[in-house]
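Me: I'm new to this one, could you walk me through it? I'll ask as we go.

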Amino acid sequence: GMTTSKRNVDERPHYVSFIAGVAGGSASTAVLFPLDTIKVRMQVNEDKLRLATRTSVISAMRGVVRHEGFLGLYQGLAPALVASALSWGGYFYIYEGTKRRLSGIDGVGEKETLTGMENFAAACLSGAAMVCVTNPIWLIKTRMQLQLRNFQDPLHVGGKVVRPYSGMLDAALTISRDEGPFAMYKGASVAMVMVSHGGIQFMCYEYLKQHFSKYLKLEREKKDLLGHERIGVLEKLEDSFGYLLMGAGSKM
């Protein structure tokens, strides 16, 4: 079952965390992908992408839709969905598994809560592992996002002209052949440094979650007079909104 209000270690089977991560990662990517496409193009900000130096997000979106159609906002969606599903599914699988080992749930010396540094270490380990697995897919995703859908202009990478990719497999083969066997791991060193960001985020999240659980327990005791049916509704609202706020606060 789920943990008590004192515990910050998930005792459910590992595959539950994996499935939840896959579902959450895929859903958030599908919903927010147009914004990610605009972000990537604005970061590159090349003339061929038809984005002015100080363009706004809305005007950039309008430009993409005008020149490339609505589907232009979804260039590279396939690798993004694969990468997000693997990243978040694998991340939570390793993260929760590491926490279980640190807490001693699978052995002896069981601890009710983990320290902030233990949560930080578990998150960093998970992030580093997923960088090794998914960096090639994220690279393909970014390259495909930079291709104009209707015009299929070639990309200029490292001073070389790269022909448009027809899909994920073609991109992987072309990048490996034309740019070398380690090209798929370009940017991996920076990504490894950035896993500390996830470590800090989850350390803050676990801290807030632990204290939020204590707060909910006190609030539920105060609401006994409201009736069981209404308490159930309030608990669901509080849990959903509370975890949303905690996740957003940790990210910042």
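Reply: Gladly, and one term has to come before the rest: pLDDT is the predictor's confidence in each residue, on a scale from 0 to 100. It matters here because this is a predicted model.

Me: OK, what does the protein chain average in pLDDT?
Reply: The protein chain averages a pLDDT of 78, and 66% of the residues score at least 70.

Me: Which elements have the lowest and the highest mean pLDDT?
Reply: Among the elements of the chain, the lowest mean belongs to helix α7, residues 228-251, with a value of 53, while the highest belongs to helix α4, residues 116-145, with a value of 94.

Me: And where does pLDDT stay under 50?
Reply: One such stretch is residues 1-6, for which the model has 13 contacts beyond four places in sequence. Residues 48-52 are also below 50, and that stretch has 20 contacts in the model beyond its near neighbours in sequence.

Me: Stepping back, how many helices and strands are there?
Reply: The secondary structure of the protein chain comes to seven helices and two strands, and read along the sequence these elements follow the pattern α-α-α-α-β-β-α-α-α.

Me: How much of the chain is buried?
Reply: Buried residues make up 39% of the 252 residues in the protein chain. As for contacts with a separation of 6 or more, 72% of them are accounted for by residues 24 or more positions apart.

Me: New topic: how many aromatic pairs does the count come to?
Reply: The count comes to 10 aromatic pairs. One of them is the stacked pair of Phe 33 and Tyr 74, with 6.2 Å centre to centre and 20° between the planes. This pair links distant parts of the chain, since Phe 33 is in helix α1 (residues 14-44) and Tyr 74 is in the loop between α2 (57-68) and α3 (77-103), 41 residues apart.

Me: Is Phe 33 buried or exposed?
Reply: Phe 33 counts as buried, because its relative accessibility is 1% and the cut-off for buried is under 20%.

Me: Then why is the pair of Phe 202 and Tyr 205 edge-to-face?
Reply: The planes of these two rings are at 70°, with the centres 6.3 Å apart, so the pair is edge-to-face, given that planes over 60 degrees apart count that way. Both residues lie in helix α6 (residues 188-222), three residues apart, which is about one turn of the helix. Phe 202 is buried, with a relative accessible area of 8%, whereas Tyr 205 is partly exposed at 21%.

Me: Which residues do ring pairs link into a cluster?
Reply: The cluster is made up of Trp 88, Tyr 91, Phe 92, Tyr 95, Phe 202 and Tyr 205. The C-alpha atom of Tyr 91 is separated by 8.9 Å from that of Leu 125, 34 residues apart along the chain. Leu 125 lies in helix α4 and is partly exposed, with a relative accessible area of 48%.

Me: Back to α4, then: at what angle do α4 and α5 pack?
Reply: α4 packs with helix α5 (residues 168-179) at an angle of about 100°, with the axes 10 Å apart, and the two helices are therefore roughly perpendicular to each other.

Me: Which residues make the contact?
Reply: From α4 the contact uses Ile 137, Leu 139, Ile 140, Arg 143 and Met 144, and from α5 it uses Met 168, Ala 171, Ala 172, Ile 175 and Glu 179. The residues of this contact divide into eight nonpolar, no polar and two charged.

Technical notes:
Residues are numbered from 1 along each chain as its sequence is written. This is a predicted model: local features need pLDDT of at least 70, side-chain atom pairs count only at pLDDT 80 or more; totals for chains, interfaces and linings use all residues. Side-chain values use heavy atoms; hydrogens and water are left out. Helices (H or I, at least four residues) and strands (E, at least two) are DSSP runs, numbered from the N terminus. Contact means heavy atoms within 4.5 Å. Rings of Phe, Tyr and Trp (its six-membered ring) pair if their centres lie within 6.5 Å; planes under 30 degrees apart count as stacked, over 60 as edge-to-face and the rest as tilted. Buried means under 20% relative accessible area, exposed over 50%, partly exposed in between (1.4 Å probe, protein chains only). Axes are lines fitted to C-alpha atoms, for helices over the stretch in contact, and angles run from 0 to 180 degrees between N-to-C directions. Angles under 35 degrees count as roughly parallel, over 145 as roughly antiparallel, 65 to 115 as roughly perpendicular and the rest as oblique. Ala, Val, Leu, Ile, Met, Phe, Trp, Tyr, Cys and Pro count as nonpolar, Asp, Glu, Lys and Arg as charged, and the others, Gly among them, as polar.
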